[in-house]
Amino acid sequence: MPSGAIQTTHAPAFDARFAVPLRGVAVDPEARCAHYDGPRDVIAIRFACCEVYYPCAQCHAETTDHVPARWPYARRHEPAVLCGACGGAMSAAAYLQADHTCPHCEAAFNPGCADHHDRYFAFVE
Ligand SMILES: [Zn+2]
Ligand SMILES: [Zn+2]
Ligand SMILES: [Zn+2]
């Protein structure tokens, strides 16, 4: 598959390009998706309901048939965010403290995502 290709993956399949279980709609090799495809939209976030990473909540809604569960406070130090630029994982706590920059590769993350953190992390208002 050529780099830059996009791929849609529905449950129960996973997108084989990623080292972690991941699926979504029109996902590119850096984990952008049909809904968030800007240069800095390169993260995927793990959902507690199915332990799978998705580029966004809309991707979860469109590729599964169950109710999403946000990542819980008790698991804030477990890997829950994937950087699509380098493939590195970080905990929700590390992501929230990272100031919109990947701690592994220093890729810039979209600061606008902070407006939606409550969709993903049960402990963020
Ligand atoms: Zn789920
Ligand atoms: Zn999406
Ligand atoms: Zn990175």
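Reply: Happy to! Keep in mind that this is a predicted model.

Me: Let's look at β1. Which residues point which way there?

Reply: Strand β1 covers residues 43–46; Ile43 and Ile45 point one way, Ala44 and Arg46 the other. In general, side chains in a regular strand alternate between the two faces of the sheet.

Me: Are those β1 residues buried or exposed?

Reply: All of them are buried, Arg46 included.

Me: What does β1 pair with, and in which sense?

Reply: There are two partners to mention. β1 pairs with β3 (residues 79–83) in the antiparallel sense over three bridges, and there Ala44 stands opposite Leu82. β1 also runs antiparallel to β2 (residues 53–54), joined by two bridges, with Ile45 opposite Tyr54.

Me: How many residues sit between β1 and β2 in the hairpin?

Reply: Six, and Glu51 in that turn has a positive phi of about 65 degrees.

Me: Is Glu51 buried or exposed, and why?

Reply: Glu51 is exposed, because 11 other C-beta atoms lie within 10 Å and the cut-off for exposed is 12 or fewer.

Me: Where else is there a positive phi in a residue other than glycine?

Reply: Glu106 has one, near 65 degrees. Glu106 sits in the segment after α2 and is exposed, with 11 other C-beta atoms within 10 Å. Most residues other than glycine have a negative phi.

Me: Which residues does the cis peptide bond join?

Reply: Ala11 and Pro12, with omega at about 5 degrees. Pro12 belongs to the segment before β1.

Me: Last topic, α2. Where is Ala94, and is it buried, exposed or partly exposed?

Reply: Ala94 is in helix α2, residues 92–97, and is partly exposed, with 16 other C-beta atoms within 10 Å. The C-alpha atoms of Ala94 and Arg76 are separated by 8.5 Å, and these two residues are 18 apart along the chain.

How values were computed. Residues numbered from 1 in each chain as written. Chains lettered and ligands numbered in written order. Predicted model: local features only at pLDDT ≥ 70, side-chain atom pairs only at ≥ 80, totals over all residues. Buried ≥ 20, exposed ≤ 12 C-beta atoms within 10 Å, placed from the backbone. Helix = DSSP H or I, 4+ residues; strand = E, 2+ residues; numbered from the N terminus. Pairing = 2+ DSSP bridges.
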